[in-house]
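Please open the model in your viewer and keep the sequence panel at hand.

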Amino acid sequence: MKNRLPILLLISGLAVLSYVGYAQTGSPDASKFDGKWLRRVTDEDHARHSPFAGQPQAAAAGKLIFAENCAKCHGAEANGRSTPPARPSLRSERVRHATDGDIAWLLRNGNPYKGMPSWSSLPEQQRWQVIAFLRTLPPAK
Ligand code: HEC
């Protein structure tokens with residue numbers, strides 16, 4: 001009987017560990033979106049300016065592109081979703097502080113490992129238009 005104790009401890013330890021693992025992956029916690037992709041943006045990309053910055057017509061075109069391609073994951077209002085599969089809000093401080101060039105880099109490369117597809121199949125002009133649309137969104141409440 002005595003020598004079973006370590007085994008029991010091991011099994012209960014594993015049970016606790018797997019529960020913690022489940023709680024982390026199964027939770028609707030959007031904190032897994034950590035913005036690490038920003039570290040991969042080159043200085044050159046970071047400094048790029050949108051040819052459409054501040055142009056309402058480009059933002060209007062971008063709104064349609066957003067509805068067609070992005071809303072299914074990020075939500076019609078770009079607020080993201082907290083229930084699995086969680087998706088980040090595009091009205092966050094992080095996105096607001098990212099440069100147009102940073103976002104252009106992400107749209108070109110995606111972050112497929114984290115579930116963000118590459119949009120390099122969209123013409124570059126349309127990617128800048130969708131960025132112009134994101135800039136018109138008010139901050140998250
Ligand atoms: C299949 C689902 C999906 C689609 C469609 C999608 N995204 Fe994403 N997007 C994600 C996920 C998941 C992340 C989080 C990636 C990460 O944390 O690195 C993300 C991250 C982002 C971010 C960075 C957010 C942050 O807080 O770091 C931006 C900006 C973004 N997406 C814009 C877009 C735009 C614009 C489109 C449409 C052209 C789009 N996404 C389409 C899933 C999607």
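A residue is called buried when its relative accessible area is under 20%, exposed when over 50%, and partly exposed in between, with a 1.4 Å probe and protein chains only. Helices (H or I, at least four residues) and strands (E, at least two) are DSSP runs, numbered from the N terminus. The model is predicted, so local features need pLDDT of at least 70 and side-chain atom pairs count only at pLDDT 80 or more, while totals for chains, interfaces and linings use all residues. Residues are numbered from 1 along each chain as its sequence is written, and side-chain values use heavy atoms, with hydrogens and water left out.

**The whole chain**

Begin with a cartoon view of the protein, which has seven helices and zero strands. Of its 141 residues, 33% count as buried. Contact here means heavy atoms within 4.5 Å. Among contacts between residues at least 6 apart in sequence, 69% join residues at least 24 apart.

**Helix H6**

Select helix H6 (100–109). Eight of the 10 residues of H6 are buried, so the helix is largely enclosed by the rest of the structure. The buried set consists of Asp 100, Gly 101, Asp 102, Ile 103, Ala 104, Trp 105, Leu 106 and Leu 107. These buried residues pack against H2, H5 and H7. Following H6 is Gly 110, with a positive phi near 65°.

Next, select Asp 45, which is located in helix H2 (residues 43–46). Is Asp 45 buried or exposed? Its relative accessibility is 10%, so Asp 45 counts as buried. Leaving out residues up to four places away in sequence, Asp 45 touches Gly 101, Asp 102, Trp 105 and Arg 108.

**The iron site**

Select the ligand and display its iron atom. Which residues coordinate the iron atom of the ligand? They are His 74, through NE2, and Met 116, through SD, at 2.0 to 2.3 Å. Donors are N, O and S atoms within 2.8 Å of the metal (3.2 Å for Na, K and Ca); water is not among the atoms, so sites may look incomplete. The six donor atoms around the iron atom subtend angles of 86 to 179°, which makes the arrangement octahedral. Six donors count as octahedral if opposite donors are over 155 degrees apart and all others between 65 and 115. His 74 lies in helix H4 (residues 71–74) and Met 116 in the loop between H6 and helix H7 (124–134), so the pair ties together parts that are 42 residues apart in sequence. Both His 74 and Met 116 are buried.

**Helices H3 and H7**

Now show helix H3 (residues 56–69) together with H7; the two pack at an angle of about 100°, with their axes 7 Å apart. H3 is therefore roughly perpendicular to H7, a term that covers angles of 65 to 115 degrees. Axes are lines fitted to C-alpha atoms, for helices over the stretch in contact, and angles run from 0 to 180 degrees between N-to-C directions. On the H3 side, the residues at the contact are Ala 58, Ala 59, Ala 61, Gly 62, Lys 63, Ile 65 and Phe 66, and they meet Gln 126, Gln 129, Val 130, Ala 132, Phe 133 and Leu 134 in H7.

With H7 still selected, note that eight of its 11 residues are buried, so H7 is largely enclosed by the rest of the structure. The buried residues of H7 pack against H3 and H6.

Within H7, pick Ala 132. Ala 132 is buried, with a relative accessible area of 9%. Ala 132 and Ala 61 are 71 residues apart in sequence, yet 8.9 Å apart in space, C-alpha to C-alpha. Neighbours within four places in sequence aside, Ala 132 is in contact with Phe 52, Ala 58 and Ala 59.

**The loop between H4 and H5**

Finally, select the loop between H4 and helix H5 (93–97), where Pro 85 is placed. A cis peptide bond, with omega about -5°, joins Pro 84 and Pro 85. Ala 78, in this loop, has a positive phi of about 65° although it is not a glycine. Most residues other than glycine have a negative phi, and most peptide bonds are trans. At 0% relative accessibility, Ala 78 counts as buried.

The last stop is Ser 89, also in the loop between H4 and H5. Ser 89 counts as buried at 19% relative accessibility. With residues up to four places away in sequence left out, Ser 89 touches Ala 78, Asn 79, Gly 80 and Val 95.

Methods. Four donors count as tetrahedral if all angles lie between 85 and 135 degrees; four count as square planar and six as octahedral if opposite donors are over 155 degrees apart and all others between 65 and 115; anything else is irregular. Angles under 35 degrees count as roughly parallel, over 145 as roughly antiparallel, 65 to 115 as roughly perpendicular and the rest as oblique.
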